[in-house]
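Good morning, and thank you for joining.

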Amino acid sequence: MESNALNFKDKVCLVTGASTGIGRETALQFAACGAKVAISDINLDRAHETQTALKLNGADCLLISCDVSKPQEIKNLIETVMQKYGRLDCAVNNAGVEGAMAPLLDSSLENWEKVIDTNLRSVWLCMKYEIPEMIKSGGGTIVNISSIAGLIGFPGLSAYVASKHGIIGLTKTAALEYASQNIRVNAVCPGPIMTPMLERLMETEGLKEQLTKSVPQGRIGRPQEVAKSIVYLCSDFSTYVTGQSLAVDGGWVAQ
């Protein structure tokens, strides 16, 4: 086994939506592997908590405010990372929202546009600005955060499901387009993971019990379990892996 495969020393890793949940744990995992970590979020109060945790662990950390539904803020995000560190080796496009839960016919256009802009258009825009910087330094890795809702359907979440399916299509296409330039692009598809987003959804009566029963392992996952899979896909343990969608879901989509 390569002893340095998880060594991210001198590498710069960007994580969007890093204030809580999967994003926060991914940033902490990168830092534990020696990376310089740039984090962004729209919620700066919670993001400062992540930054503090990173610095307590000795990480070189940069915090940038970014609303990924706004194209100019994404452009500014990547420019700020480059101004600070001069390179970008790994990017985790994680920021997203679940939107309102309702049948398709009762869903609003406003909800559709918000979810698609935040979850899907933002990933396209992030890659549009990340990839040129990676090409300049000889390559890099990108992990886009989809969901098992990108692999199967969920009633009441039409916009969310559409956005997460779209991320998988974008991931495959970008992986093919830039494989020859030493850029790997993969997606991670979490199942039910105990994050603030899931906690909001579980306010629906009986949903927690229903979700837990649907997981073959019989439990809700932890953000750390997803973060480890993300770091694996960015590491030298996965140098021949690109264009893939990895379900981290306790066996859900295997049923």
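Helix α4 bends by about 40 degrees at D117; the bend is the angle between axes fitted to the seven residues ending at a position and the seven starting there. Helices here are DSSP runs of H or I with at least four residues, strands are runs of E with at least two, and both are numbered from the N terminus. The model is predicted, so local features need pLDDT of at least 70 and side-chain atom pairs count only at pLDDT 80 or more, while totals for chains, interfaces and linings use all residues. Residues are numbered from 1 along each chain as its sequence is written, and side-chain values use heavy atoms, with hydrogens and water left out.

What of the span of α4? The expected value is 1.5 Å times one less than the number of residues. For the 28 residues of α4, 109-136, that gives 40 Å, and the end C-alpha atoms are 40 Å apart, which agrees. Just after α4, G138 takes a positive phi of about 95 degrees.

I turn to the voids. On a 1 Å grid over the protein atoms alone, a cavity is a set of points where a 1.4 Å probe fits but cannot get out; a pocket is an open set with protein on both sides within 12 Å along at least five of seven lines; lining residues have an atom within 4 Å of a point. Points are joined across faces, edges and corners, and a volume is the space filled by probe spheres set on them.

The search finds 1 cavity of 30 Å³ or more. Its lining includes S122, V123 and C126, and α4 supplies the largest share, 3 residues.

That brings us to C126, which is buried, with a relative accessible area of 2%; buried means under 20%, exposed over 50%, and partly exposed in between, with a 1.4 Å probe and protein chains only. C126 is in no disulfide, the nearest cysteine sulfur, that of C66, being 6.6 Å away. With a disulfide taken as a pair of cysteine sulfur atoms within 2.5 Å, the count comes to 0.

Of its 49 lining residues, the closest to its centre are G96, Y160, T195, M197 and L198. Helix α6 (196-201) gives the most to this lining, with 5 residues. The second largest pocket has a volume of about 210 Å³.
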